[in-house]
Amino acid sequence: MIDLATLDIPRPDITDRDLAGFWEGTAAGELRVPRSRVTGEYIWPPRPSAVGVPDFDLEWVGVPSTGTLFTWTVVHQTGLQGYSGITPYGVAVVQLDDVPVRMVGFADFDPAELKAGMALTAGFADLGDGVHLLVWRKSEG
Amino acid sequence: MSDTAAIIAGIGQTDFSKASGRSVQQLALEAAFAAIEDAGLKPSDIDGLMPYKIGPTSEDLIAGLGLEDVRFTNVSHMGGASPVASLRTAALAVQAGIANAVMVFVARNGRSGARVAARLSAQVPGTSLREGLEQPVGLSTPAQWYALFARRHMIEYGTTREQLGAVAITMRNHALLNPEAMMYGRPLTMDEYRNSKPIADPYLMFDCCLETDGACAVIVTRADRADSLPHKAVRIAGVAEGHADNADDIVNRRDFFNLGLTKAAPRAFAQAGLAPSDVDLALIYDCFTFEVIQQLEEAGFVARGEGGAFVEEGNIALGGSLPVNPHGGLLSQGHIAGINHIVEAVVQLRGAAGDRQVADAEVAAVTGWGDLGDGSLAILTV
């Protein structure tokens with residue numbers, strides 16, 4: 001495991017109006033996604049309204065923190081601060097269990113182990129000042 | 001009855017290099033003067049300008065060419081899909097009588113000046129998603145985004161490393177026939193391809209396009225206003241743009257491989273009254289090797305999932321069933337946002353491509369790809 005807090009990586013703006021609910025969730029140790037009370041749809045990535053329907057009063061709901069690996073890349077060359085010192089590393093796109101949502105996160109294990117369909121579980125890297133990043137770890141057993 | 005078809009009357013380009021030693025304004029003017037001469041026009045005949053979003057502006061060319069009455073300017077915001085989409089806008093302008101001769105141009109010091117990372121922050125859509133959900137977890141470049149497509153295609157359809165390599169090597173073999181290509185005289189073997197340094201797996205260095213200093217310009221006018229062209233007129237028979245579902249976010253597309261091109265291609269072919277099987281050569285926006293395979297599929301040249309075998313069997317090489325990028329493409333000729341693909345299509349349709357000429361070329365398809373999969377397609381004919 002890599003402690004991302006020890007690296008000076010780009011930090012998200014957790015006050016971004018459309019994403020704040022997600023960051024409140026990661027701080028609480030869960031994945032949250034906005035859902036429309038009108039259409040029942042999950043809106044991911046987060047947007048101000050239900051897609052194609054004027055419903056701006058979205059509710060943030062918890063979704064499974066487990067899923068399967070849909071696709072990935074292993075980054076060998078990057079200009080991103082902090083990350084340039086830890087190449088190669090994996091970035092995983094995970095299809096969450098039970099909901100039609102894919103989330104991208106840092107793959108917190110040896111990138112040589114990345115395999116299509118592998119079971120992954122969300123982890124939350126505490127960067128301080130209320131920022132908790134989504135990282136994907138191999139599911140137990 | 002007058003012929004109001006939109007045509008490409010002139011083309012111009014500079015040398016392509018890693019270090020031009022000139023300003024981008026100079027590069028733009030060099031390409032512009034070359035295109036004007038090629039079309040048999042005078043600078044004052046140009047009354048419409050379509051620059052790229054980043055680089056020299058319309059005002060730069062108005063001043064530099066001494067244009068006294070430019071009446072139409074427009075900028076397409078589709079990244080590398082912009083030059084082909086601009087052909088459509090230029091055609092509309094000349095056919096509507098708003099302008100007589102519209103110049104589309106791109107000039108950049110893409111290697112020695114502002115490189116791709118700097119340009120990206122100025123043009124990619126969905127900035128809050130990039131900065132909020134992607135960059136903090138280590139994802140930030142086109143090579144990395146599009147590697148996600150390539151990896152998923154390998155998972156679903158069994159596309160292989162060697163099939164990606166076949167694209168890289170075919171483009172390089174074409175560049176060996178083009179003295180104006182940056183990689184002229186530098187052959188590439190499969191071993192050299194496989195052993196090139198990894199960038200964003202599955203992409204290796206030789207899966208990635210070049211970064212280039214240079215410029216190109218093309219002039220669009222109407223057939224009935226071009227009675228004294230020095231060269232054969234190239235008709236813009238069909239041209240369209242399209243945008244992928246969920247256009248500002250690759251990761252959550254339900255149909256993961258759908259592109260702007262998926263939607264643009266049927267429109268462009270219908271407008272031209274032609275089918276993919278009618279195309280003699282294709283200029284495919286080859287920012288990375290897999291994107292050639294993906295666009296061959298999404299434009300309808302082959303069924304989805306069959307692109308890997310298609311390129312591996314030699315179909316995209318000169319002499320194959322669908323020669324792709326005889327000039328060497330973005331991978332081995334140079335990268336001027338794909339407007340160099342339009343220039344090459346015109347050269348080929350004029351029959352002026354020398355050693356790399358596609359025999360009896362009468363129909364060319366030119367794709368554009370930009371940002372997170374915006375797409376465009378032009379069908380050019382003689």
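This is a predicted model: local features need pLDDT of at least 70, side-chain atom pairs count only at pLDDT 80 or more; totals for chains, interfaces and linings use all residues.
Chain B carries 13 helices and 11 strands. Its radius of gyration is 19 Å, close to the 21 Å that the globule rule gives for 382 residues, so chain B is as compact as a globular protein of that length. If you line up the view with the principal axes, the C-alpha trace of chain B spans about 55 × 45 × 40 Å.

Next, colour chain B by burial: 62% of its 382 residues count as buried. Then pick out the charges, 29 positive and 44 negative in chain B, whose mean positions lie 3 Å apart.

Time to move to chain A. Select strand 6 of chain A, residues 119-128. On one side of the pairing list is strand 3 of chain A (residues 66-75), which runs antiparallel to strand 6 and is joined to it by three bridges. Zoom in on A:Thr66, which stands opposite A:Thr121 of strand 6.

Strand 6 of chain A also pairs with strand 7 of chain A (residues 131-138), again in the antiparallel sense, over eight bridges. Here, look for A:Gly123 opposite A:Val135 of strand 7.

Finish at the turn of this hairpin. Two residues lie between strands 6 and 7 of chain A, and A:Asp129 takes a positive phi near 55°.

Key. Residues are numbered from 1 along each chain as its sequence is written. Chains are lettered from A and ligands numbered from 1 in the order in which they are written. Side-chain values use heavy atoms; hydrogens and water are left out. Two strands pair if DSSP finds at least two bridges between them. Helices (H or I, at least four residues) and strands (E, at least two) are DSSP runs, numbered from the N terminus. The radius of gyration is taken over C-alpha atoms; the globule rule is 2.2 Å times the number of residues to the power 0.38. Buried means under 20% relative accessible area, exposed over 50%, partly exposed in between (1.4 Å probe, protein chains only). Lys and Arg count as positive and Asp and Glu as negative; His and the chain ends are not counted. The place of a charge is taken as NZ of Lys, CZ of Arg, CG of Asp or CD of Glu.
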